Amino acid sequence: MNPADHASNDDSSEAWSFDTQAVRAGVMRSNFGEHGEAMFLTSSFVHESAAHAAAKFANEAPGFIYSRFGNPTVQMFQDRLAALECAQACLATASGMSAIMACLMSLTKSGDHVVCSQSVFGTTIQLFDLFARYGVSTTYVPVNDPQAWAAAIQPNTRMLYLETPSNPMTELADVGAIGEIARAKGVKLVVDNCFCTPALQQPLKQGADIVIHSATKYLDGQGRVLGGAVLGDRDYIQTVLQPVVRYCGPTLSAFNAWVLLKGLETLSLRMKQHSINALHVAQWLEAQPGIATVLYPGLPSHPQHTLAMAQQTGGGAVLAFEVKADSPQQAKAIAWRVIDQCKLLSITANLGDTKSTITHPASTTHGRMAIERRAQAGITEGLIRIAVGLESPQDICADLARGLNAH
Ligand SMILES: Cc1ncc(COP(=O)(O)O)c(C=O)c1O
């Protein structure tokens with residue numbers, strides 16, 4: 001590795017725009033002078049001598065030791081994502097869930113408390129519930145009610161956790177307002193930025209302390225690999241979080257890091273087009289007679305549209321809509337019919353792909369949630385979530401029309 005070729009060591013890189021950082025930040029070139037980022041598929045690294053090994057292990061000399069806690073390809077991904085999120089540092093993990101787990105482990109211990117938004121990804125709630133076993137309790141509050149966040153904070157609260165926009169209801173948190181509450185109470189605000197990505201929203205600039213990513217989603221953007229990341233200040237990442245990842249081992253592989261590095265290069269273009277396509281589909285859905293509500297932050301009818309336009313530079317790819325029905329049973333039957341009639345949209349709970357995906361949250365992503373909690377979060381039997389991809393939006397609408405118009 002030639003440190004002189006490490007783009008983030010170059011002063012000029014700090015002034016680069018987002019689009020340039022997405023392509024260039026974090027590049028480390030080996031002595032071969034490769035143009036594309038190299039994939040370092042190695043579990044360990046050799047040392048020049050026993051003394052050199054000892055110095056590296058004692059953190060007295062720089063250099064990679066073992067890929068569980070450091071690998072050049074992973075480092076390049078971390079540095080590039082840190083540049084995009086305006087973070088001092090980043091630590092990549094094997095998946096989004098392992099990023100959330102490592103963050104939770106790093107900030108809490110038995111007897112501590114977390115405040116979490118009611119409307120987060122279902123598995124995130126399962127994870128927080130699992131931590132009750134280890135003595136960490138959680139209170140759930142509405143994401144869009146800053147006073148409820150303030151009221152839920154206890155003397156043992158260590159972290160506030162939210163997604164904005166939320167999955168699947170696209171509810172927004174006012175990151176600035178909740179960040180102020182967190183600062184006043186001395187707790188960390190952690191924001192899952194998976195739906196918007198730094199291309200549309202940079203929570204650390206708005207008042208968050210830590211950003212979480214499921215890189216599986218739009219950072220890859222092409223449905224290829226799993227990955228995750230935690231971003232924040234250097235001291236937190238290196239001294240608080242790093243030991244958790246080093247000792248527990250939920251490390252991102254070099255192969256996946258390489259795929260994600262390539263994903264970041266087109267992130268900005270993709271997120272702009274996802275937003276354009278999703279707005280088109282959302283507007284079309286709003287005009288259909290069989291639909292009760294369409295939830296998309298880019299729509300003027302979205303209850304938090306003004307906040308969305310202030311906090312985000314685009315609406316993102318994800319929208320949800322509810323079909324009209326007389327009962328929950330009928331709603332579910334219609335929702336399943338719309339999904340089953342799709343020939344273009346893929347029936348999969350994943351999102352963050354060039355290919356549009358469609359899912360019924362109440363029976364998939366949020367199916368394991370207690371019924372009352374699901375109802376509280378507004379996830380009804382008639383709700384459908386679409387992650388709008390990069391196909392022609394006209395084709396997506398035609399695909400949905402088949403199920404909506406069938407009787
Ligand atoms: C908002 C959000 N956060 C986190 C995750 C978990 O990510 P992963 O599947 O990479 O573990 C998901 C997965 O769908 C998600 O939608």
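Q: Over how many bridges do E8 and strand E9 (residues 318–323) pair?
A: Strands here are DSSP runs of E of at least two residues, and helices are runs of H or I of at least four, all numbered from the N terminus. Residues are numbered from 1 along each chain as its sequence is written. This is a predicted model, where local features need pLDDT of at least 70, side-chain atom pairs count only at pLDDT 80 or more, and totals for chains, interfaces and linings use all residues. Two strands pair if DSSP finds at least two bridges between them, and E8 and E9 run antiparallel with a bridge count of four.

Q: Which residue in E9 stands opposite Ile291?
A: E8 covers 291–295 and is an edge strand, pairing on one side only. Across in E9, Ile291 faces Val323.

Q: What is the order of the open sheet of five strands?
A: Its edge strands are E8 and strand E10 (346–347). The pairing is mixed, and the order is E8-E9-E12-E11-E10.

Q: In the open sheet of seven strands, which are the edge strands?
A: This sheet, also with mixed pairing, has the order E1-E7-E6-E5-E4-E2-E3. Neighbouring strands are turned by 20 degrees against each other on average, direction ignored. Those that pair on one side only are E1 (89–93) and E3 (137–141).

Q: In E4, which residue is the bridge partner of His113?
A: Strand E2 (residues 113–117) and strand E4 (residues 157–163) pair in the parallel sense over four bridges. His113 has as its partner in E4 Thr157.

Q: At about what angle does helix H3 (residues 72–85) run to E1?
A: H3 lies across E1, strand E6 (210–214) and strand E7 (228–232), contact meaning C-beta atoms, placed from the backbone, within 7 Å. Axes are lines fitted to C-alpha atoms, for helices over the stretch in contact, and angles run from 0 to 180 degrees between N-to-C directions. For H3 against E1 the angle is about 130 degrees.

Q: How many residues of the shell around the ligand are charged?
A: The residues surrounding the ligand (C-beta atom, placed from the backbone, within 6 Å) include Ser95, Phe121, Glu163, Asp192 and Leu226. Ala, Val, Leu, Ile, Met, Phe, Trp, Tyr, Cys and Pro count as nonpolar, Asp, Glu, Lys and Arg as charged, and the others, Gly among them, as polar. The shell has four nonpolar and six polar residues, and its charged residues number two.

Q: How far apart do the C-alpha centres of domain 1 and domain 2 lie?
A: An automatic or database domain assignment sets the bounds, giving domain 1 (3–265) and domain 2 (268–405). The distance between their C-alpha centres is 27 Å.

Methods:
Contact = placed C-beta atoms within 7 Å.
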